[in-house]
Every structure is written in C-alpha cells, then in structure tokens.
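Subject: Structure handover

Hello,

Please find the structure below. My notes on the ligand site and the pockets follow it.

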Amino acid sequence: MAIILGVESTAHTFGIGIVKNGKVIANKRDMYTTDSGGIIPMDSAKHHREVSSRVYLEALGEAGMDEKEIDAISFSQGPGLAPCLIEGMKFSKELSKRLSKPLVPVNHCVAHLEIGKCHSAYPKLRSKGATGAKDSVLLYCSGANTQVISYAAGKYRGFGETLDTGVGNFIDTFARYAGLGFPGGPKIEKIAKLGKNYIELPYSVKGMDVSFSGILTNLKQKLERKEYSLEDLSFSMQETVFAMLLETAERALAHLGKKELVLGGGVACNSRLQEMSKKMCEERKAKFFCPERSLLVDNGAMIAYLGEIMFKSGIEFSGKKAQELDIKPRQRTDEVEVSWKK
Ligand code: AMP
Ligand code: MG
C-alpha cells in the first residue's frame, strides 16, 4: 500500500493531489489569473509560493489524513515555465526533507496520458461498469501545449504537435481580438453554440502536425471586416480546429493500431471537442475516455497518480540525491526514461 502526494506547478496552477493505491483521495488547486494579458511567469511563481501551504493543508484535509502517512512526494519536473516549476520543486524538496520521504520526478504530459487509466476516481461511472484506459493515445489540448502522445516501443512518444502556439492560447488570442477576456475558451464555446453558418477557414494539418497562426490571421481579418457574426466565426473556428486535431489523433490511432483515445488539457473541457472525439472513436470502433474536469485541467492528482506507478516500480530519490534533482522546463516526451512499463 502506498500513499503518494503529487505537486503540480508547471504554469498557472498550483495543485496538490493525493493518491492511495490508484485511487484519488484528494485533489486541490489554486489558479493564478490575470485581468488582462497572459501569464507573467514570475507573478505566477509568486502566486504558487503564496498558496502552497494552504493548498497542501486543504489536500490533507480532503484526504482526512496526517502528513506522516505520506510515503513519497512526486512533482512536475517539466515541461513548463521555469520559475513556476522551481516553486513546486522547492516545496517538494522541503517536504521531502522534513518528512524524510523520497521524491519522484514526473513528466507533466505523461501524467495527462496516464490519468486516463484512472477510473477509480469516479465511483458513479465505475458502478456502471466503466473502466479506465489501458493503452491509449492522448490528445493533449491545453493553453501552451498541443500534442498527440502515446507509449510505443519502450518510450512515450510525440506523434504530432503544434508547429506554433498551443490550441488554447490560439483560442484565447482569437477571443481577445473579439474583445473577450481571458480565458477566452469557455466564452467562445458558448458563443459558438449560437453559430449557424459554416465559414470556410484555412485548414492546416502538415503531416502529423497542426498549425494555427494562419487561421488566426484569417480570423482576425474576418473580424475586422465585420462581414460575419462572431457566433458564426466561433462556430466555424471550433469545427475547423477540432477537426484538425482529431485528424492527427486518428492517424496516430491507425498507425499504432491502438483502440483508445484519452483527452487531456483545459481545451478538452469543450463539449464540442468531446462530442467530435466520441464520434471519431465510434466510427473506428475505438474507446473514448474523457477524465472528469478536475483531472483534465492541470492538477496534482495526475502527478500523484503517475508518481505512484513510478514509485511502485522502484523510482525514488532520497536524501542528497533528492535535493540534487532539478527542473526540466523543456523536457520532451521522448526524453523520459521509462523503466516502469513492460
Ligand atoms: P490548461 O493550459 O490545460 O490549463 O488549459 C487552459 C486553456 O484551456 C485556456 O486556453 C482556456 O481558454 C482553455 N479552455 C478552458 N475551457 C475551455 C472550453 N470550454 N473550450 C475551449 N477552451 C477552453
Ligand atoms: Mg497541462
């Protein structure tokens, strides 16, 4: 039996999750927000520093346990914003020292993939016979990241990614041009529901990769000309961009011969993306897994979940070795040394 505490701090969210034998028993977070503009890394890091103790105590409270029961502490080592990663790592190192418990460094993107395996967090679905994913392809759609990743031939590998911005940042920029605040994604989703006419936009899939900058310029011009309603433009943007993402995810499923798709990242909260993903999976007889919202967005539970898998396979750093660990802001998925899979 193991109880793992996971610390997430790659960007705007400071999160602490606790997992006990594959079951999420706590998942608390606090998000840095701005009135206008994007994330300022140093400000976000300051936010993490200020909320860390409170979020930690809330997580222990939710789990109803004492900190002495923690067996190991996992933390997001990368990729992410360096100042933010440092705060999470510092917090984890101090805790590791104080409790004399080992550290497990975790890759944030792989954690989004692996949390798709976790069905024990949803008792309601479980009672209906739902299971977690076993060997899936992840379509990871967050603010800064857009990737299709999966485990193949001994490593986690990226099978496609954005060539410019992440899909969330792209949608947020479009929203900003339209005079909407941050985050624009949920607002655009609501407006898109009122759109009726599909307006042709550039469709940009290059091999397994996608790009958004051309579509953004095109949308900006269309907004400036005021020929189309924001409702129709938002609707058309979602249809186009989500189709691009699903084209690459579907191709990865086909090439890898895999039968499970998992969604991850904040943009995956979008109900139209979920609906299109489900349809694609039905058409190719694949299973579709969409973690609940609290596990889709950046969260400590997924870090604890992967941390537990790694810890149980013997990956842990104690004492001086733990204190010498460093962040990996630009860590690529295929750089992750995998010794915990068959
Ligand atoms: P993350 O970086 O994973 O925390 O996700 C944040 C991004 O998700 C931001 O760019 C949001 O605009 C976007 N987002 C959140 N909810 C939605 C939604 N319902 N539809 C589209 N994008 C969303
Ligand atoms: Mg993320």
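**Ligand 1 and its contacts**

A polar side-chain atom of H12 lies 3.0 Å from an oxygen atom of ligand 1, a polar contact being a pair of N or O atoms within 3.5 Å. The backbone contributes too: a polar backbone atom of G185 is 3.1 Å from a ligand oxygen, and one of V267 is 3.4 Å from a ligand oxygen. The protein covers 91% of the 500 Å² of accessible area that ligand 1 has on its own (Shrake-Rupley method, 1.4 Å probe).

This is a predicted model, with local features needing pLDDT of at least 70 and side-chain atom pairs pLDDT 80 or more, while totals for chains, interfaces and linings use all residues. Residues are numbered from 1 along each chain as written, chains are lettered from A and ligands numbered from 1 in written order, and side-chain values use heavy atoms, without hydrogens and water.

**Pockets**

Ligand 1 takes up the space of the largest pocket (more than half of its atoms lie within 2 Å of the grid points). A pocket is an open set of points on a 1 Å grid over the protein atoms alone, where a 1.4 Å probe fits, with protein on both sides within 12 Å along at least five of seven lines; lining residues have an atom within 4 Å of a point. The volume of the largest pocket is about 1,400 Å³, and 48 residues line it. The second largest pocket has a volume of about 230 Å³, with 16 lining residues, among them Q77 and P105. Volumes are the space filled by probe spheres set on the points, joined across faces, edges and corners.

Regards

Notes: A polar contact is a pair of N or O atoms within 3.5 Å; within protein, one must be able to donate a hydrogen and the other to accept it, and residues adjacent in sequence count only if both atoms are side-chain atoms.
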